[in-house]
Amino acid sequence: MKPKRILLIRHGLSEGNSDRNTYATIPDHALALTLKGVEQARQAGREIKELIGGEGLQVYLSPYNRTRMTWQAIQESLGENAITLREDPRLREQDWGHLRATDINEDIIHERDKFSPFYYRIPDGESGADVYDRISTFLESLYRDFEDEDYPANVLIVTHGFSLRIFLMRWFHWSVEEFEDLHNPRNCQIVRLEKASDGHYALVSELRRRSDESATTLESG
């Protein structure tokens, strides 16, 4: 049975979002939330609780430290809900390969933006197309899970900015150009898909688009 609601959320403000220099010394998967990021996640938990009430929740989680911490803070508001949790490495952020000096990372971001955020492959890491492929296999698993007659009414996917955009691209069959026109969601922004009467899902959350702005901003996950 398809859930009536699919919620996607980017992790709270992380050490890397707050200070890009940390990417030179801390592996991406190990970055923690800042205090502000923890509070963002707690607020998101309260919003999710208000939205789903007492209904059940299936959670899929990137195994990175900052997404685990985000889920822990969200869960504080969901103590009475029936929750099933599954970590899935396919929901991790785009791989950057290894530690690099800050100026090298900035050069890579600039080059990726000029070339194509989707097609550019980070040295020793992934392209957006690579992320698309693994998110596609995750969706295959998700569709199989939907066949369970006891599947809960709500899905929550705790992931990262770039991977979340790729998920939406794959789900709604967006073009590369449509994907690249989107900004990452804000930290702990809840992106909501609601099931319509015909069984299809509609995106009911507003996303920021580069084409709506006079200037673009580079973002990291």
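Tutor: Start with asparagine 81, in the loop between α3 (65-75) and β3. Keep in mind that this is a predicted model.

Student: Why is asparagine 81 called buried?

Tutor: Its relative accessibility is 6%. Buried means under 20%. So asparagine 81 counts as buried.

Student: What makes the link between the side chains of asparagine 81 and lysine 49 a polar contact?

Tutor: The distance is 2.8 Å. The cut-off for a pair of N or O atoms is 3.5 Å, so the pair qualifies.

Student: Which residues is asparagine 81 in contact with, leaving aside neighbours within four places in sequence?

Tutor: They are Lys49, Ile52, Gly53, Gly54 and Glu55.

Student: On to the rings. How many aromatic pairs does the structure hold?

Tutor: Twelve. Take phenylalanine 118 and tyrosine 132, with ring centres 6.1 Å apart and planes at 80 degrees.

Student: Why is that pair called edge-to-face?

Tutor: Centres must lie within 6.5 Å, and planes over 60 degrees apart count as edge-to-face. The values are 6.1 Å and 80 degrees, so the pair is edge-to-face.

Student: What does the pair of phenylalanine 118 and tyrosine 132 tie together?

Tutor: Phenylalanine 118 lies in the loop between α4 (102-115) and α5 (128-146), and tyrosine 132 lies in helix α5. So the pair ties together parts that are 14 residues apart in sequence.

Student: Are phenylalanine 118 and tyrosine 132 buried or partly exposed?

Tutor: Phenylalanine 118 has a relative accessible area of 6%, so it is buried. Tyrosine 132 is at 23%, so it counts as partly exposed. The range for that label runs between 20% and 50%.

Student: What makes phenylalanine 146 and tyrosine 151 an edge-to-face pair?

Tutor: Their ring centres are 5.3 Å apart and their planes are at 70 degrees, so the pair is edge-to-face. Both phenylalanine 146 and tyrosine 151 are buried. They also belong to one aromatic cluster, together with Tyr143, Phe167, Trp171 and Tyr201.

Student: Where is tryptophan 96, and how do you know that it is buried?

Tutor: Tryptophan 96 is found in the loop between β3 (83-87) and α4. Its relative accessible area is 19%. The limit is under 20%, so tryptophan 96 is buried.

Student: What is tryptophan 96 in contact with, leaving aside neighbours within four places in sequence?

Tutor: Its contacts are Asn105, Ile108, Ile109, Arg112, Ile122, Pro123 and Gly125. Lysine 114 is 18 residues away in sequence and 18 Å away in space, C-alpha to C-alpha.

Student: How many residues are in the largest nonpolar core?

Tutor: That core has 29 residues. Those with the most contacts inside it are Ile6, Leu8, Leu142, Ile157, Phe167, Leu168 and Trp171. The elements giving two or more residues are β1 (5-10), α5, β4 (154-159), α6 (161-172), α7 (176-181) and β5 (190-195). The largest share, seven residues, comes from α6. Another core, of 19 residues, lies apart from it and includes Leu33, Val59, Ala73 and Ile74.

Student: What lines the largest cavity?

Tutor: The lining residues are His183, Asn184, Pro185, Arg186, Gln189, Glu206, Leu207 and Arg208. The space in the largest cavity is about 30 Å³.

Student: Last, why is aspartate 124 called exposed?

Tutor: Its relative accessibility is 65%. Exposed means over 50%, so aspartate 124 counts as exposed. Aspartate 124 sits in the loop between α4 and α5. Its phi is positive, about 65 degrees, although it is not a glycine.

Student: And is histidine 173 buried or exposed?

Tutor: Histidine 173 has a relative accessible area of 63%, so it is exposed. Its place is in the loop between α6 and α7. Histidine 173 has a positive phi of about 60 degrees, although it is not a glycine.

Conventions
Residues numbered from 1 in each chain as written. Heavy atoms only, no water. Phe/Tyr/Trp six-rings, centres within 6.5 Å; stacked < 30°, edge-to-face > 60°. Helix = DSSP H or I, 4+ residues; strand = E, 2+ residues; numbered from the N terminus. Buried < 20%, exposed > 50% of the residue type's maximum accessible area, 1.4 Å probe, protein only. Contact = heavy atoms within 4.5 Å. Core = buried A, V, L, I, M, F, W, Y, C linked by side-chain atoms within 4.5 Å. Polar contact = N/O pair within 3.5 Å; in protein donor to acceptor, adjacent residues only side chain to side chain. 1 Å grid on protein atoms, 1.4 Å probe; cavity = no way out; pocket = protein on both sides within 12 Å on 5 of 7 lines; lining within 4 Å. Points joined across faces, edges and corners; volume = space filled by probe spheres on them.
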